[in-house]
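Colleague: Please take me through the aromatic contacts here, and set each value against its definition.

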Amino acid sequence: MTAERFLALVAAYGADRRRWPEDERAAAEAFAAAHPDTARPALDEADAIDDLLYRSPTPRVSPALRDRVLAAAASARGRAGRTGRMWIDRMTLALGAGWAAATCAGVAAGVLLTAHLAADAEADAVLYQASLFGVDDTELLG
């Protein structure tokens, strides 16, 4: 157990060792016993925060307020429904169409470029083969 991990455990779970994860509890207690100068201030601060949280009153919500909030959430969900996400759906469709168009353009460019290069290669091959059996200019001109 490192000091950083011990301090993270204390910050996340407080000073009460029963709330620490069971698989790390023994190692954290051993670290606290071996390094009291690091562990004691962190545990004291966490204990003070725990005490403050325990002493604070628990908020009580009236049933009428709870019912009003739930009704408002249900009506907002009903109003928003599918219209709240419609702009996301449209944007997704537009982006998908853009990707599809780019893909088609890439395929078309590849086919056209390949056809042009193949035609050039065929023309070079024909000219080469024709020169194998024909009269060379150097033979005529000397």
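Modeller: Rings of Phe, Tyr and Trp (its six-membered ring) pair if their centres lie within 6.5 Å; planes under 30 degrees apart count as stacked, over 60 as edge-to-face and the rest as tilted. This is a predicted model, in which local features need pLDDT of at least 70, side-chain atom pairs count only at pLDDT 80 or more, and totals for chains, interfaces and linings use all residues. Residues are numbered from 1 along each chain as its sequence is written, and side-chain values use heavy atoms, leaving out hydrogens and water. The structure holds two aromatic pairs.

Colleague: Why is the pair of Phe6 and Trp20 called edge-to-face?

Modeller: The ring centres of Phe6 and Trp20 are 5.9 Å apart and the planes stand at 85°, so the pair is edge-to-face.

Colleague: What makes Phe6 count as buried?

Modeller: Buried means under 20% relative accessible area, exposed over 50%, and partly exposed in between (1.4 Å probe, protein chains only). Phe6 has 0% relative accessibility and therefore counts as buried. Trp20, with a relative accessible area of 2%, is buried, and Phe31 is buried at 7%.

Colleague: Which kind of aromatic pair do Phe6 and Phe31 form?

Modeller: The pair of Phe6 and Phe31 is tilted, with 5.0 Å centre to centre and 35° between the planes.

Colleague: Which residues form one aromatic cluster?

Modeller: Phe6, Trp20 and Phe31 form that cluster.
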